[in-house]
Amino acid sequence: MDHKEVGRYWNGNAEAWTELARAGYDEYRDYLNTPAFFEMLPDVDGLLGLDIGCGEGHNTRLLAGRGAKVIAVDISTVFVQHAQLLERGQPLGINYQVASAVELPFCDSNFDFATGFMSFMDIAETDCVLTEAYRVLKPGGFLQFSITHPCYDTPHRRNLRDENGLTYAYEVGDYFRNLDGVITEWLFSAAPPQVKEGLPKFKVPRFTRTLSQWLNLLIEVGFIIERIEEPCPSDETVHECPRIQDTQVVAYFLHVLASKPGKSVA
Ligand SMILES: C[S@@+](CC[C@H](N)C(=O)[O-])C[C@H]1O[C@@H](n2cnc3c(N)ncnc32)[C@H](O)[C@@H]1O
């Protein structure tokens, strides 16, 4: 499966995804991933950034709120239309474009930084995504991205819960088998049945790579790995949002900060 076919699946997901995410049902994003991402992000005030795989633009807007001038791309026209509509109503100066991460329509060394919020693991051509991000960064620029954790988002995975419904362990298997576009169907688990009713399930093509494949690709492309995080919520956060208790048991997500060699822009 190539990026164009993947894009068609995401375009089909975009209406329901936008509706549910904006209604607050993407709890892993809102309570864990996004706060952790922004905690690690270097100062972007006054920098020119590219957000790759921006979806409906929630995190892009937070980036712009940090003072960055942001261009954002997504392969799905429907997602980009939703992001543009919000931008028109509440402008933050974001320029949204329909484009694929594997063939970015920008010249070399154009951006101070690039971000990918939970999008890179959804793209078949993992090597091209990193090569393209590297190409469009200025020397000294940085890339920060979050993905599902390669060690726990494995072809076989099972959440083991106790009699109270609390996760106590996570079973993984088939780690070394790279999935290439296996379709999984789901909706955000936080959305109640009456909200989900009538909505088509997301159809998400799954691609799995091992941890060493991800890190070695970054190194082969030329990036310097600056920092790695595996977000784990505090007890207070889990108290506020009990459904993400499972993310205290294993690392569901991996966040990477890497730089292109050169004098730092940050
Ligand atoms: C899990 S969603 C994340 C969206 C958004 N970054 C967020 O944090 O809410 C993954 C996104 O990657 C996009 N995507 C998938 N393949 C892509 C590609 N080749 N180029 C650009 N975006 C892509 C999808 O359309 C989707 O918006």
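Biologist: How many residues surround the ligand, and which are the closest?
Modeller: 20 residues surround the ligand. The closest are Gly53, Asn59, Asp74, Ala101 and Phe117. A residue is near if one of its heavy atoms lies within 4 Å of the molecule.

Biologist: What kind of model is this?
Modeller: It is a predicted model, where local features need pLDDT of at least 70, side-chain atom pairs count only at pLDDT 80 or more, and totals for chains, interfaces and linings use all residues. Residues are numbered from 1 along each chain as its sequence is written, and side-chain values use heavy atoms, with hydrogens and water left out.

Biologist: What does Asp74 do at the ligand?
Modeller: A polar side-chain atom of Asp74 sits 2.6 Å from a ligand oxygen atom. For Gly53, a polar backbone atom is 2.8 Å from a ligand nitrogen atom.

Biologist: How much of the ligand does the protein bury?
Modeller: The protein buries 97% of the 590 Å² that the ligand exposes when taken alone. Accessible areas come from the Shrake-Rupley method with a 1.4 Å probe.

Biologist: Which helix gives the largest share of the shell?
Modeller: Helix H1, residues 3-22, with 3 residues. Helices are DSSP runs (H or I, at least four residues), numbered from the N terminus.

Biologist: New topic. How do H1 and H4 cross?
Modeller: Their axes come within 7 Å and cross at roughly 35 degrees. Axes are lines fitted to C-alpha atoms over the stretch in contact, and angles run from 0 to 180 degrees between N-to-C directions.

Biologist: Which residues make the contact?
Modeller: Among them are Trp10 and Trp17 of H1, and Phe79 and Leu86 of H4. Contact means heavy atoms within 4.5 Å.

How values were computed
Polar contact = N/O pair within 3.5 Å; in protein donor to acceptor, adjacent residues only side chain to side chain. Helix = DSSP H or I, 4+ residues; strand = E, 2+ residues; numbered from the N terminus.
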